[in-house]
Amino acid sequence: MASLSGKSTLTTIGVLLILHSTYSCLHYRSLAMAALSDTSSPPLDVVIEVFLGFALCLVGQLLCGPFHQVRTSGGSLLGRIQKSRAEIIAPAYRTRDFDLFTTRVKALSMAKRTG
């Protein structure tokens, strides 16, 4: 049986809090509809529970493991004005989708020059 670490326990508790807050909000709305009162906003305890659950999920995921390095090319970002944007390069063992992302800037600039 796999044991849960403290970090994944934080995330699990956060998810359970968020799920409980959704159930509480739905229950509140059903009671408010039956009483024909205003249901435009959820009660304060539900909002606090959602934020607390989100914070626990965030902290649990941030503590999960080591961060991967991101290298930038194109010079230093601190203290210099760059003439071109820095290109962000993902590690080779990760997905390359981010590196292959391009926009239509080159095509539009070429069209402006020829047209």
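This is a predicted model: local features need pLDDT of at least 70, side-chain atom pairs count only at pLDDT 80 or more; totals for chains, interfaces and linings use all residues.
1. Overall layout. The chain contains three helices and two strands, and these elements follow one another along the sequence in the pattern α-α-β-β-α. Of the 115 residues in the chain, 13% are buried, a figure that may be kept in mind when reading the points on individual residues.

2. Dimensions of α2. This helix covers residues 44-62 and therefore has 19 residues, with a reach of 27 Å from its first C-alpha to its last, which is close to the 27 Å expected at 1.5 Å a residue.

3. The buried side of α2. The buried residues of this helix are Val-46, Glu-49, Gly-53, Cys-57 and Gly-60. Seen down the helix axis, these buried residues fall within an arc of 70°, so they line one face of α2. As background, an α-helix has 3.6 residues a turn, so residues three or four places apart point the same way. A reader going through the list will note that it includes a glutamate, Glu-49, among the buried positions.

4. The opposite side of α2. On the face turned away from the buried side, α2 carries the exposed residues Leu-44 and Phe-51.

5. Phe-54, Leu-58, Leu-62 and Phe-67 together make a nonpolar surface patch of about 450 Å².

6. Ile-18 belongs to helix α1, which comprises residues 6-34, while Val-46 is one of the buried residues of α2. The two residues are 28 positions apart in sequence, and their C-alpha atoms are 8.9 Å apart in space. Ile-18 is itself partly exposed, at a relative accessible area of 28%, whereas Val-46 is buried.

7. Cysteines. How many disulfides does a search of the whole structure find? The search returns zero. Cys-25 counts as buried because its relative accessibility of 16% is under the 20% cut-off, and Cys-57, at 15% relative accessibility, counts as buried by that criterion too.

Conventions: Residues are numbered from 1 along each chain as its sequence is written. Side-chain values use heavy atoms; hydrogens and water are left out. Patches are made of residues with over 30% relative accessible area and no salt bridge: like charges are joined within 9 Å, nonpolar side chains (Val, Leu, Ile, Met, Phe, Trp, Tyr) within 5 Å. Accessible areas come from the Shrake-Rupley method with a 1.4 Å probe; for residues, only the protein chains shown count as cover. A salt bridge is a side-chain nitrogen of Lys or Arg within 4 Å of a carboxyl oxygen of Asp or Glu. Helices (H or I, at least four residues) and strands (E, at least two) are DSSP runs, numbered from the N terminus. Buried means under 20% relative accessible area, exposed over 50%, partly exposed in between (1.4 Å probe, protein chains only). The arc is that of the directions from the helix axis to the C-beta atoms. A disulfide is a pair of cysteine sulfur atoms within 2.5 Å.
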